[in-house]
Amino acid sequence: MQIDVSRFRAAFYVEAVEHIQAMEAALLQLESSPHDIELLNTIFRAAHSIKGASTTFGVEEVGKFTHVLENLLERLRDGAVATTAPLVELLLTSVDVIDGLIANAKDGAPLPANLDQVFTELQRVNGTPSPNANSNTVVSDAGKVRSTGRFRTQIKPSPEF
């Protein structure tokens with residue numbers, strides 16, 4: 001039995017748009033309610049869904065970027081990082097980058113011009129090293145994830161799976 005993965009990938013793109021819209025709406029509300037944990041939970045769940053599905057369907061660039069965003073959202077939920085207007089602006093910009101990465105994967109649209117800058121800023125706010133400071137993988141100029149000398153495992157199920 002052959003499974004047509006393209007149908008599932010198409011569904012991922014539709015659902016990703018819905019998650020992006022939910023994230024943007026909640027982030028705009030977060031500006032006026034910075035301590036609303038339910039808004040943070042909504043944003044986190046949407047980012048988590050995008051990250052998981054993108055990785056499942058081989059859209060690695062989205063998964064890597066969203067993973068860093070998800071880590072920051074977790075720190076916000078835990079109270080380790082304060083919700084400020086500049087941080088909400090960074091989060092909104094991050095959602096725009098995710099949208100651009102998805103458009104690139106789906107239609108070959110140009111990568112977001114601010115991809116590396118936003119990625120580095122997310123890492124800085126998270127307190128993690130920049131991509132050029134011995135991280136496991138980095139986003140290259142072409143937007144592709146490349147190895148920096150450590151092992152990387154990828155599982156590709158057989159068509160029979």
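**Note on salt bridges and helix packing**

1. Glu70 is buried, at 6% relative accessibility (buried is under 20% relative accessible area, exposed over 50%, partly exposed in between; 1.4 Å probe, protein chains only). This is a predicted model: local features need pLDDT of at least 70 and side-chain atom pairs count only at pLDDT 80 or more, while totals for chains, interfaces and linings use all residues. Residues are numbered from 1 along each chain as its sequence is written, and side-chain values use heavy atoms, leaving out hydrogens and water.

2. What is the partner of Glu70 in a salt bridge? The side chain of Lys51 meets that of Glu70, with N to O at 2.6 Å (a salt bridge is a side-chain nitrogen of Lys or Arg within 4 Å of a carboxyl oxygen of Asp or Glu). Lys51 sits in helix α2 (residues 37-56) and Glu70 in helix α3 (residues 60-78), so the pair ties together parts that are 19 residues apart in sequence. Lys51 is buried as well, with a relative accessible area of 17%. For this bridge, then, both ends count as buried.

3. The count comes to 3 salt bridges. Another one joins Glu74 to Arg77, whose closest N and O atoms are 2.9 Å apart. Both residues belong to helix α3, and being 3 residues apart they are separated by about one helical turn. Glu74 is partly exposed at 27%. Arg77 is also partly exposed, at 26%.

4. Glu121 and Arg124 make up a further bridge, with closest N and O atoms 2.6 Å apart. This pair lies within helix α5 (residues 115-126), 3 residues apart, about one turn of the helix. Glu121 is partly exposed, with a relative accessible area of 27%. Arg124 is exposed, at 54%.

5. Now the helix pair α1 and α4. The axes of α1 (residues 5-32) and α4 (residues 85-107) come within 10 Å and cross at roughly 170° (axes are lines fitted to C-alpha atoms, over the stretch in contact, with angles from 0 to 180 degrees between N-to-C directions). That makes α1 roughly antiparallel to α4 (an angle over 145 degrees).

6. Which residues make the contact between α1 and α4? On the α1 side they include Tyr13, Ala16, Ile20, Met23, Glu24 and Leu27. On the α4 side, Val88, Leu91, Leu92, Val95, Asp96 and Ile98 are among them. Contact means heavy atoms within 4.5 Å. The residues of this contact divide into 14 nonpolar, no polar and 5 charged (Ala, Val, Leu, Ile, Met, Phe, Trp, Tyr, Cys and Pro are nonpolar; Asp, Glu, Lys and Arg charged; the others, Gly among them, polar).

7. Arg75 also deserves a look. Arg75 is in helix α3 and is partly exposed at 27%. Setting aside neighbours within four places in sequence, Arg75 is in contact with Ala80, Val81, Val125, Asn126 and Gly127. Val125 is 50 residues from Arg75 along the chain, yet their C-alpha atoms are separated by 10.0 Å.

8. Overall picture. The protein has 5 helices and 2 strands, in the order α-α-α-α-α-β-β along the sequence (DSSP runs, numbered from the N terminus; helices H or I of at least four residues, strands E of at least two). Of its 161 residues, 39% count as buried. Among contacts with a separation of 6 or more, 60% come from residues 24 or more positions apart.

Definitions and conventions
Angles under 35 degrees count as roughly parallel, over 145 as roughly antiparallel, 65 to 115 as roughly perpendicular and the rest as oblique.
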